[in-house]
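Biologist: I would like to learn how to read salt bridges in a model. Please take me through a case.

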Amino acid sequence: MAAVDSFQFLYREISRSCSCYFETLALVGALYTASRAVILLRDCCMLVRVHFLPRMIPTKKLTQRFGDWAVVYGGSEPVATAYAEELARHGINIIFVTQDHTSVRDTSASLSQSYGVETVVVLADFSLDQAASKPIKEAMTGKDIGFLVNCLDESLAASQSLIEMPEQGLLDLVNKNVAVATLMTRLVLPGMVERSRGAVVNISSGACCRPFPGRVTLTASTGYMDHFSRALHLEYSSRGIFVQSLIPFQIAPSGREPSSSSAPSARSTDGWFVPKPDVYARHAISTLGVSNRTTGYWPHTLQYGLMRCIPEWIWVLGSRVVISLS
């Protein structure tokens, strides 16, 4: 009994001497928990402000806020086509800039017939360097260009090692998704600055958030588009220009298997997290003027939040496991 009494006495003495440390650790834990709760509350408020309030509270018409015409580059991509249709639904005329006339010809005619807007298709061969900009400038002359939409090439989402890509194909992809998108912004921006209004929307992919195995060109191109948009917004937002980086995850084109200009993931069917292009475009366009960097679709924002919680070293480790098993 003496031994037990001695142990209890020793335990009480140690507890008494360490109580200040226990209180300090409890305070640190409480502060950490409170900070995480504040961050969670902030993210929830931002989710509501970006994705729900704009759809419930009426705002000015897009034509009044930005302009009557939109220039769309990459209109052959399903998400860009849906975005152009949503703009046309709001009464905005469309100029399609493409390297393949047949890819947007039917879309152009359909929008004119369905929504009564003017549409123009500009055939631009960007392999001719600066000569390609001449027909684009002519098409924009005398028009109140309020929107520029650049869309990433969907073919980048295909899994392919860098060394498997042909050299010319690699140069074409970089030219189409980096150089040309930058050039299009350079062509449209001066008129927007002169009128002190306008919106530049760069649709890339959630792949810019984390590296993906087998998709080096996708990760690099989306990273460029995302940082280019953010830097451009910082430079021109004070001059009335709103620049938005849209980083969607998986989008399922209507009538086809899910694929997208979005982050690659396991193939699945259309659903809540895999919207069709028209659903995505309707949500994304409501965030215009509200957030300069967003997924554009609130379930994708939840995906992005979960992805952000995963430390990069765990993500890299998991990617290596996937590669080793494939």
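Predicted model: local features only at pLDDT ≥ 70, side-chain atom pairs only at ≥ 80, totals over all residues.

Biologist: How many salt bridges does the structure hold?

Modeller: Side chains of opposite charge can pair when their charged atoms come close. A salt bridge here is a side-chain nitrogen of Lys or Arg within 4 Å of a carboxyl oxygen of Asp or Glu. The structure holds seven.

Biologist: Which side chain meets Asp144 at 3.0 Å, N to O?

Modeller: That of Arg195. Asp144 sits in the loop between helix H6 (133–140) and strand E4 (145–151), and Arg195 in helix H7 (residues 167–195), 51 residues apart. Helices (H or I, at least four residues) and strands (E, at least two) are DSSP runs, numbered from the N terminus.

Modeller: Arg197 also forms a salt bridge with Asp144, at 2.4 Å, N to O. Arg197 lies in the loop between H7 and strand E5 (198–203), so this pair ties together parts 53 residues apart in sequence.

Biologist: Is Asp144 buried or exposed?

Modeller: Buried, at 17% relative accessibility. Buried means under 20% relative accessible area, exposed over 50%, partly exposed in between (1.4 Å probe, protein chains only). Arg195, at 32%, is partly exposed, and so is Arg197, at 23%.

Methods:
Residues numbered from 1 in each chain as written. Heavy atoms only, no water.
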